[in-house]
Amino acid sequence: TLAFIACSEEKKERIAMPTTDLSKVSLIPKPLKTTPTNSAFALDQFTAIYTSKNATGFEEVGTFLADKLKSKTNLTIPVNSEGANTIERIIYINQSDSIDIEAPEAYQLYINQDSIIINANTAEGAFRGIQTLRQLVPIESNDTLALQKIWPVPSGKIVDNPNFGYRGSMLDVARHFFSVDDVKKYIDLLAYYKINVLHLHLSDDQGWRIEIKSWPKLTEVGGSTEVGGESGGFYTQEDYKEIVRYAAERYMTIIPEIDMPGHTNAASVSYPFLNGNGKTPKLYEGMRVGFSTFDTHKDTVYTFIDDVVREISAITPGPYFHVGGDESHVTKKSDYIYFINKVEKIVQKHGKRMIGWDEVAIADVDSTSISQWWASEENAKKAVDKGMKIIISPAKKAYLDMEYDTLSKFGLHWAAYIPVDTAYVWTPEEYGIPVENILGVEAPLWSETISNIDELEYLAFPRIIGYSELSWSIKENRNWEDYKIRLADQAPFLDRMDVKYYPSPLIDWK
Ligand code: TNX
């Protein structure tokens, strides 16, 4: 038995023992069910990881865990090593068909004194489970109670499964471009909080950000600018594939968005035949919305769109293609409907499900298409009437580009000021959209006012952590007073990851 478990209360206080009460660890998102047994597993140099070997992906999950534990504790924990006779404690990551909840992302975590067992139906579930384990490992080792350093992990059982299968974030790389490395850093942080979708807003009036081999001027011309006149940028298809691969390694789906028929100035500057607003398109570096449109009547416009959707779909393993469809203020309503109807067919032809901002529900869209609700309740209702699934992204609650308050360094406030509590205290199921229609929650980060990763992090963190809990944890497990303490405890992780989060005065940061 480990000495530290038996040590006196007095001694515990003196050495500031990390808790052995599993229900007291600051986990985000909060798991479905936690049962503490008030002892601990001593993570140390005599620990090894073993995984199912015949089930796809489990060994990689084990290796991912070992890497993250290495950077947190500097321990080198072997994965599936044979004949290691110094091993005293084992972390098992198993494929199992007999866990309490049958679902792709469900997992069960048992922490005992000499073993940790993570059981999941799929490697995806195991991956979510190891994020919980990463959060359970204390930052500081205990150096006084054994000869070796130990990181005590409180014992007990966790049964977990997400409330929503779609837990998303959107990044606007069009208004300002963000490098592949920036996107990877963001993906890493999102994955730690179990977010499983990253929607990339790849085109807008100010920039076109993805290489299309059959239409090279899109990036040569349309990719050359951004808001404020800086130099823009774009992803080559190889860059994009690398983002997709990196996300997939973290069981995260990338959703590409090509916004149309509005928000298309950059495309129309590159190929003026696309333009339908009657003016000569010029590169645009401002922040206005709603002035551009494709010419919805030309066959060549649809040939162009077919090429774009085909090339992007071919390098996108996920099931979705987002066509934007928002704020097409200079497209006639009948033209808009005609356009969305045609584009939906193109998306389907290339094997994807169409997603559009809530306006697309005014067209004759299919029930298999998805509406992303951001503003209009009337459009949300239309989508429900059409049997569509809906992604919940209300601007007043879930827009990461809204200012925290009047002192905010970045952001806009056309929808609302969104302090950290407002971002967290709401219920996706309480907007009158039937639960069966809700696919999940997504928090969009528009980038008119941010141009580098530090500024991105200022707007996204800490609010995105709250959206992770809003989409993963059930309502009964969410509570602001409890959450704000758990959020404060994220500071050491965020600091270690060099995240320039907004230090909200509502939180008593550690
Ligand atoms: C509205 S939300 C937009 C974006 C802007 C954003 C700024 C939506 C579908 N369209 O074009 O970037 O507001 O907050």
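Start by selecting His 201, which lies in strand S8 (residues 197-201); helices (H or I, at least four residues) and strands (E, at least two) are DSSP runs, numbered from the N terminus. At 0% relative accessibility, His 201 counts as buried, where buried means under 20% relative accessible area, exposed over 50%, and partly exposed in between (1.4 Å probe, protein chains only).

The model is predicted: local features need pLDDT of at least 70 and side-chain atom pairs count only at pLDDT 80 or more, whereas totals for chains, interfaces and linings use all residues. Residues are numbered from 1 along each chain as its sequence is written, and side-chain values use heavy atoms, with hydrogens and water left out.

Next, select the ligand. Which residues come nearest? Of the 14 residues around the ligand, these are Arg 175, Tyr 399, Asp 401, Trp 414 and Glu 448; a residue is near if one of its heavy atoms lies within 4 Å of the molecule. The shell has eight nonpolar, one polar and five charged residues. In this classing, Ala, Val, Leu, Ile, Met, Phe, Trp, Tyr, Cys and Pro count as nonpolar, Asp, Glu, Lys and Arg as charged, and the others, Gly among them, as polar.

Show distances from the ligand oxygens to side-chain N or O atoms:

- Glu 448, at 2.6 Å
- Arg 175, at 2.7 Å
- Trp 414, at 2.7 Å

Taken alone the ligand exposes 360 Å², and the protein buries 97% of that; accessible areas come from the Shrake-Rupley method with a 1.4 Å probe, and for residues only the protein chains shown count as cover.

Now display the aromatic rings. There are 31 aromatic pairs, counted when rings of Phe, Tyr and Trp (its six-membered ring) have centres within 6.5 Å; planes under 30 degrees apart count as stacked, over 60 as edge-to-face and the rest as tilted. Select Tyr 302 and Phe 339, a tilted pair at 5.8 Å centre to centre with 45° between the planes. Tyr 302 sits in helix H9 (residues 299-314) and Phe 339 in helix H10 (residues 333-349), 37 residues apart. Both Tyr 302 and Phe 339 are buried.

Go back to Tyr 399 and Trp 414, which pair edge-to-face at 6.0 Å, with 85° between the planes. Both lie in the loop between helix H12 (395-398) and helix H13 (420-424), 15 residues apart. Buried or exposed? Tyr 399 is buried, at 2%, and Trp 414 is exposed, with a relative accessible area of 52%.

The rule requires NZ of Lys or CZ of Arg within 6 Å of the ring centre and within 35 degrees of the ring normal. Lys 194 likewise lies over the face of Trp 472, at 5.5 Å from the ring centre.

Trp 472 is one of the buried residues of H15. Select the helix (residues 463-472): ten of its ten residues are buried, so H15 is largely enclosed by the rest of the structure.

Definitions and conventions:
A polar contact is a pair of N or O atoms within 3.5 Å; within protein, one must be able to donate a hydrogen and the other to accept it, and residues adjacent in sequence count only if both atoms are side-chain atoms.
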